[in-house]
Amino acid sequence: MKMEQFLSLPKGLEVTSIEKTEDGLAISAVSTQRTACCPLCSSAATRVHSHYTRHVADLPCAGQQVRLLLHVRKFFCEVTTCARKIFVERMMAFVEPWARVTTRLYQSVQAIGLATGGMLGARLTDRLGIQTCWMTILRRIMALPTEPVEPVVELGIDDFSFRRGRKFGSILVDMQSHKVIDLLPDRKAETAKAWMQAHPEIDLVSRDRGGDYAAGAREGAPQATQVADRFHLYKNLVEAVALILARCRAEIRKNAQSAVQEELQEEAPEPLLLECAEVISVENWKPAPELCDERARLSRRAQRYDRYQQVLALNAQGLGFTEISRRVGLSRRTIERWIKEGDFPEAKRRRKRWSVFDPYAEYVLSRWEEGCTNGLQLWQEIQAQGYQGSAQTVYRFLRTLRKKRRIIWKPEVPHAPLQDFSANDAVWLFARDLADLDEKEQETLTTICQASQTASMTYQLVQEFRHMLHHREGDKLDDWLAQVTKSQIRELQSFVLGVERDKAAVVAGLTLPQNNGLVEGKVNKLKLIKRMMYGRAGFPLLRQRVLHAL
Ligand SMILES: [Zn+2]
């Protein structure tokens with residue numbers, strides 16, 4: 001392969017040498033064209049006047065800077081009528097006259113600039129072996145000619161912020177070609193109006209719900225149909241719903257909790273907690289029950305508790321004591337007592353049995369309170385006083401004390417759903433299609449709607465609106481508005497007022513296929529570019545980058 005082909009040099013250039021220099025490669029080339037065309041009269045010239053060398057930077061090669069030494073010639077123009085007597089031969093597509101870089105390097109820097117911006121571009125070019133600086137990169141970007149705007153029939157307009165929420169511009173998109181056609185430095189009605197007046201071919205304006213673009217379009221393009229954007233419409237509705245849910249939080253939380261408590265009461269409560277709260281005195285100090293005894297006791301208690309629930313249920317159904325007694329298998333007196341007490345009657349604990357430990361109990365308890373909790377030591381101490389029983393017995397008595405220390409726990413609060421309810425999270429359960437929610441989300445949604453009638457009503461309204469919006473059923477809007485008015489949910493009333501004010505455009509938005517989602521997408525790309533520019537770029541540079549990059 002010839003070196004010229006390898007380097008993609010244009011025809012008529014021949015590489016004569018390649019040298020490694022301190023800062024890269026120096027490639028010498030000579031022009032081998034027999035003739036050159038006079039730039040003025042375009043006739044071919046052959047008589048050489050002189051030689052000289054042009055230094056031109058080219059694309060890097062394997063990460064090394066490349067400097068081309070082009071040995072070019074000056075020719076005589078022999079056309080007598082031509083004003084130009086001497087001219088330098090040119091390589092038009094490859095390098096512009098007077099240029100110090102090749103056209104392909106120039107374009108690469110421009111492309112890097114458009115993609116990354118000035119500072120970032122300078123870092124990248126440095127890495128790639130291209131010698132330039134951020135100022136040059138910016139100049140290259142600004143040098144790009146702005147293409148004239150072609151006739152636009154369907155215009156999408158939306159705003160974007162230069163600095164978060166403080167200064168805004170407008171982005172204009174051709175809804176048919178999906179191209180960004182212009183950026184405006186603000187979002188004022190007059191600016192939009194002036195732009196639209198210069199484009200009388202516009203017959204549809206898709207816009208957000210801001211009044212400025214509506215006013216701009218009304219005056220700038222009165223011939224056009226205005227379409228309120230569905231996305232913004234739905235966004236406004238969702239914002240109203242978030243407010244409703246925030247207002248109903250207490251109601252939702254409370255009802256969700258009491259629903260759980262009702263459910264819990266039907267199940268057996270945690271039985272251990274009740275007995276632990278006893279205060280231990282020498283008289284009623286009992287050894288800790290063996291684990292298996294304790295389990296058996298709990299099983300019995302569970303049965304007793306279930307019977308108690310059964311008795312209550314039958315009583316609520318209006319059965320008499322005798323009948324209940326027959327059905328449950330308990331004495332009539334027991335049933336009478338249970339119902340009168342109105343609270344679950346814990347079984348009486350068995351009376352304490354006498355133990356060999358009893359005469360030493362007071363001593364051990366006082367030692368325990370002094371801080372001696374070592375079972376072995378206590379056993380040895382009472383053995384010295386004449387205790388005859390086993391160490392095991394001592395341990396079982398002590399275990400009660402150890403357990404008692406742990407009693408300080410409060411009964412666990414049952415975990416109720418929605419205790420961490422957040423309107424901003426919940427609103428997405430309302431806004432999305434039910435089929436898109438997973439099982440857990442559906443469950444949460446159901447709980448919310450059961451807990452609050454307002455929430456439930458809101459859910460119906462939002463879903464109907466969503467359906468209308470998805471299926472382009474603008475004709476159903478009036479019915480929907482009437483329903484909302486009837487619901488008297490105040491946050492939705494203000495949404496309705498806003499819709500009424502802009503009704504023609506809203507109906508168009510709910511009916512026509514055009515949609516500002518496209519413009520939103522462009523705004524997102526614009527934001528990306530803006531962020532990469534570290535917020536330093538002025539409007540002209542941003543406009544240049546967006547128009548040439550999107
Ligand atoms: Zn000439």
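Predicted model: local features only at pLDDT ≥ 70, side-chain atom pairs only at ≥ 80, totals over all residues.
Local features were taken only where pLDDT is at least 70 and side-chain atom pairs only at pLDDT 80 or more, while totals for chains, interfaces and linings use all residues. Residues are numbered from 1 along each chain as its sequence is written, and side-chain values use heavy atoms, with hydrogens and water left out.

Let me begin with the chain as a whole. The protein chain holds 23 helices and 12 strands; these are DSSP runs, helices being H or I of at least four residues and strands E of at least two, numbered from the N terminus. Of its 550 residues, 41% are buried. Here buried means under 20% relative accessible area, exposed over 50%, and partly exposed in between, with a 1.4 Å probe and protein chains only. Among contacts with a separation of 6 or more, 60% join residues 24 or more positions apart, a contact being heavy atoms within 4.5 Å. The chain exposes about 32,200 Å², of which carbon and sulfur atoms supply 52%; the areas come from the Shrake-Rupley method with a 1.4 Å probe.

I turn now to the zinc ion. Which residues are its protein donors? They are Cys-38, Cys-41, Cys-77 and Cys-82, each through SG, at 2.2 to 2.3 Å from the ion. Donors are N, O and S atoms within 2.8 Å of the metal (3.2 Å for Na, K and Ca); water is not among the atoms, so sites may look incomplete. The site is tetrahedral, with angles of 101 to 115° among the 4 donor atoms; for four donors, that term requires all angles to lie between 85 and 135 degrees. Along the chain, the donors follow the spacing C-x2-C-x35-C-x4-C. Distant parts of the chain are linked by Cys-41, in the loop between β3 (36-37) and β4 (44-45), and Cys-77, in the loop between β6 (64-76) and β7 (86-88), 36 residues apart. Cys-41 is partly exposed, at 31% relative accessibility, whereas Cys-77 is buried, at 7%.

Next, the surface. Ile-18 belongs to strand β1, residues 13-21, and is partly exposed because its relative accessibility is 40%.

Finally, I consider Asn-524, which is located in helix α22, residues 517-532. Its relative accessibility of 46% makes Asn-524 partly exposed. The C-alpha atoms of Asn-524 and Phe-160 are 8.9 Å apart, although 364 residues separate the two along the chain.

Note on methods:
Tetrahedral: all angles 85-135°; square planar, octahedral: opposite > 155°, others 65-115°.
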